[in-house]
Amino acid sequence: SSHLGSSFLASLPFKIWLRPSRVCAAMIEYKENWALLLLFRWRGSVYSRALWFAFPAAVVSLFLVLIDTPIPDLRVQTGILDLNEGIIWSATTAVLLTMVAFRTREGYSRFWEGTGLLHQMKG
């Protein structure tokens, strides 16, 4: 550990232990005075990805609200009022169940792939 320099190790936000075979990093220690900044940072966040879905949905919603004033019968003509709560609930449930099933299948597949690789390493 002397070749890295003690000042370099002291400047890192996490502690490093040097073992003969590898370098292991411990959990990062965050300072409490910037936890709010960590919550609202843009880089490494899901905000940018979520914005790709949320912004078009907000624009369509705003358009439908604004167009309802000059054309009050638009909802009746397009059949939007024919959708009852049961249909919307069923469609949302079907989409969510499909996504959960896909994620579960992917996780299960990764687990067994890792287990197989571990067995290959052990010989």
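A salt bridge is a side-chain nitrogen of Lys or Arg lying within 4 Å of a carboxyl oxygen of Asp or Glu. In this predicted model, the structure holds one salt bridge, and a nonpolar surface patch of about 870 Å² is also present. The protein chain averages a pLDDT of 78, and 70% of the residues score at least 70.

**The salt bridge**
- Side chains of opposite charge can pair when their charged atoms come close.
- Here the partners are arginine 105 and glutamate 106, whose closest N and O atoms are 3.9 Å apart, and this pair counts as a salt bridge because the cut-off is 4 Å.
- Arginine 105 counts as exposed because its relative accessibility is 51% and exposed means over 50%.
- Glutamate 106, with a relative accessible area of 27%, is partly exposed, since that class covers values between 20% and 50%.

**The nonpolar patch**
- The patch is made by Leu39, Phe40, Trp42, Val46, Tyr47, Leu51, Phe55 and Val59.
- Helix α3, which spans residues 47-68, gives the most to the nonpolar patch, contributing four residues.
- Valine 46, one of the patch residues, is found in the loop between α2 (35-39) and α3, and valine 46 counts as exposed because its relative accessibility is 60%.

**Confidence along the chain**
- Confidence in the protein chain is lowest in strand β1, residues 16-18, where the mean is 50.
- Confidence is highest in helix α5, residues 85-122, where the mean reaches 93.

Methods:
Residues numbered from 1 in each chain as written. Predicted model: local features only at pLDDT ≥ 70, side-chain atom pairs only at ≥ 80, totals over all residues. Heavy atoms only, no water. Patch = residues over 30% accessible without salt bridge, like charges linked within 9 Å, V, L, I, M, F, W, Y side chains within 5 Å. Areas by Shrake-Rupley, 256 points an atom, 1.4 Å probe, with all protein chains shown as cover. Helix = DSSP H or I, 4+ residues; strand = E, 2+ residues; numbered from the N terminus. Buried < 20%, exposed > 50% of the residue type's maximum accessible area, 1.4 Å probe, protein only. pLDDT = per-residue confidence, 0-100.
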